[in-house]
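Visitor: I am new to this structure. Please show me how to read a few of its features.

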Amino acid sequence: MSESIEDAQTDEPGADRPTDPAATVLLLGSGELSRELALAFQRLGGVVVAADRYYAPAHGVADRSAVIKMNDAEELAALIEREKPRYVVAESGVIAADALVAVAERGDIEVLPTPRGIRLSQDREGLRRLASDELGLPTVPFWFAGSVEELTAVAEHAGFPLVVKPVVGAQRDGESVMLRSDDVEPAWQRATTAGHFVQNRVLAESVVEVEHEITMLTVRTAGPSGPGVQFCEPIGHRQVGTDVLEAWQPQALSPAALDAAKSISARIVNAVGGRGVFGVELLVQGDDVYFSDVRIRPHDSGLVTLRSQRLSEFELHARAILGLAVDTIMISPAAAEVSYGGADAGELSADISTVLSEALATSESDVRLFGRQGESEAPRRLGVALATAPDVIIARDRARRVGSALRKLW
């Protein structure tokens with residue numbers, strides 16, 4: 001059964017919601033990024049209902065909220081029936097997508113981006129086959145395996161190194177790199193035991209040399225003349241160990257690579273359908289661009305837009321979903337460093353005022369502190385360091401200084 005964390009009147013059996021004069025948005029997933037999205041909807045007059053499997057950050061700002069098992073179709077359907085939202089927005093990789101199909105078929109509630117898109121976001125095999133087989137998008141060589149023996153055969157055929165991921169689950173969950181034959185069984189175990197889904201298949205990818213890993217934030221909108229697609233400037237990013245993600249905007253690309261990145265992004269986003277911000281993950285080597293993944297919601301690399309763009313990824317997502325005008329204007333080169341921690345992270349180990357004074361002494365800097373303790377899984381976002389500058393090189397240097405100071409908190 002779902003557990004309400006709002007006022008008592010919402011717990012009355014069979015109680016119907018009054019019709020809200022504004023659009024009611026149900027967020028399925030209520031982490032730190034959903035908190036930013038909830039605020040963006042509220043600033044546009046939306047009524048936000050936040051749901052997650054634990055008391056999460058967005059619950060603290062939402063108009064109403066509930067704790068449910070989002071991969072339980074009955075609990076999810078009951079919550080939707082009780083709240084009667086106008087929009088159901090997927091903000092988690094752990095959702096009972098089948099329940100949303102029935103909701104969307106009723107016609108009175110929009111499920112965004114689409115039930116199919118939500119299912120594809122949880123199914124790397126279906127997404128990769130859509131991209132490669134149906135759309136013909138360039139990808140790095142990949143294989144699927146349904147057992148340790150099949151994964152061993154893939155490794156013998158493809159050679160090492162290979163990246164292994166579960167076919168179902170959230171980003172980075174259960175991912176590992178196989179360098180030798182002894183790594184096959186541990187990689188299989190890690191991938192098949194990750195997250196909240198029973199796993200029996202994995203994705204294996206060749207490791208290719210690339211110059212850039214980028215995110216093309218692609219905004220799909222709807223208007224009188226039909227769907228439209230707009231692009232933000234490319235966002236470069238790199239993982240620094242396991243506890244820091246560095247991102248910057250813009251990432252310079254050759255004209256041919258930029259055209260290819262936009263073409264790939266438009267094709268995959270239009271195939272997924274719906275409205276909102278999509279983070280299309282691409283690998284770039286010279287003029288060659290390879291599709292890697294697509295995220296159907298704002299994500300970590302896009303946090304740089306909090307300072308780089310007139311409208312952040314959260315504001316763009318909210319506007320597109322509500323059917324409002326958007327623009328992707330970049331107002332300044334910027335960089336961000338997102339810090340992560342384990343499940344026990346979150347207790348501040350230093351004087352916060354002293355650390356913030358040091359961090360914000362850097363020119364054109366800003367920070368966001370996350371990392372509230374709760375039931376969220378590792379790695380957990382602890383905070384993000386932000387900086388702008390006349391060019392990306394200076395912005396990245398400033399963000400590193402801010403991030404180094406900020407990490408003294410944990």
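**Reading the model**

Guide: Start with His-299, which counts as buried at 15% relative accessibility. Keep in mind that this is a predicted model.

Visitor: Which cut-off makes a residue buried?

Guide: Buried means under 20% relative accessible area. His-299 has 15%, so it counts as buried.

Visitor: Where in the chain is His-299 placed?

Guide: His-299 is in the loop between strand E16 (288-295) and helix H9 (305-308). Now compare sequence with space. His-299 and Leu-217 are 82 residues apart in sequence. Their C-alpha atoms are 9.5 Å apart in space.

Visitor: Is Glu-149 buried or exposed?

Guide: Glu-149 is exposed, with a relative accessible area of 59%. Glu-149 belongs to helix H6 (residues 148-158). Glu-149 and Glu-185 are 36 residues apart in sequence, and 9.0 Å separates them in space, C-alpha to C-alpha.

Visitor: Let us turn to helices. How should I read a packed pair?

Guide: Two packed helices are described by the angle between their axes and the distance between the axes. Here is a case. Helix H2 (residues 73-83) packs with helix H3 (residues 97-106) at an angle of about 30°. Their axes are 9 Å apart.

Visitor: Are H2 and H3 roughly parallel or roughly antiparallel?

Guide: Angles under 35 degrees count as roughly parallel. H2 and H3 are therefore roughly parallel to each other.

Visitor: Which residues make the contact?

Guide: From H2 come Ala-73, Leu-76, Ile-80 and Glu-81. From H3 come Ala-99, Leu-100, Val-103 and Arg-106. The residues of this contact divide into six nonpolar, two charged and no polar.

Visitor: Next, charges. What is the idea behind a salt bridge?

Guide: Side chains of opposite charge can pair when their charged atoms come close. The cut-off here is a side-chain nitrogen of Lys or Arg within 4 Å of a carboxyl oxygen of Asp or Glu.

Visitor: How many salt bridges does the count come to?

Guide: The count comes to 24 salt bridges. One of them joins the side chains of Arg-119 and Asp-98, at 2.6 Å from N to O. Arg-119 lies in helix H4 (residues 115-121) and Asp-98 in helix H3, so this pair ties together parts that are 21 residues apart in sequence. Arg-119 is partly exposed at 36% relative accessibility. Asp-98 is exposed at 57%.

Visitor: What separates Asp-133 and Arg-129 in helix H5?

Guide: About one helical turn, because Asp-133 and Arg-129 are four residues apart in helix H5 (residues 124-134). Their side chains meet in a salt bridge, 3.8 Å from N to O. Asp-133 counts as exposed at 53% relative accessibility. Arg-129 is partly exposed at 35%.

Visitor: Which parts does the pair of Arg-400 and Glu-246 tie together?

Guide: First, the bridge. The side chains of Arg-400 and Glu-246 meet at 3.2 Å, N to O. Arg-400 lies in helix H12 (residues 392-406) and Glu-246 in strand E14 (residues 244-249), so the pair ties together parts that are 154 residues apart in sequence. Arg-400 is partly exposed, with a relative accessible area of 32%. Glu-246 is buried, with a relative accessible area of 1%.

Visitor: Which residues are joined into one network?

Guide: Glu-81, Lys-84, Arg-106 and Asp-108 are joined by salt bridges that share partners.

Notes
Residues numbered from 1 in each chain as written. Predicted model: local features only at pLDDT ≥ 70, side-chain atom pairs only at ≥ 80, totals over all residues. Heavy atoms only, no water. Axes fitted to C-alpha atoms, helices over the stretch in contact; angles between N-to-C directions. Helix = DSSP H or I, 4+ residues; strand = E, 2+ residues; numbered from the N terminus. Parallel < 35°, antiparallel > 145°, perpendicular 65-115°, else oblique. Contact = heavy atoms within 4.5 Å. Nonpolar A, V, L, I, M, F, W, Y, C, P; charged D, E, K, R; others polar. Buried < 20%, exposed > 50% of the residue type's maximum accessible area, 1.4 Å probe, protein only.
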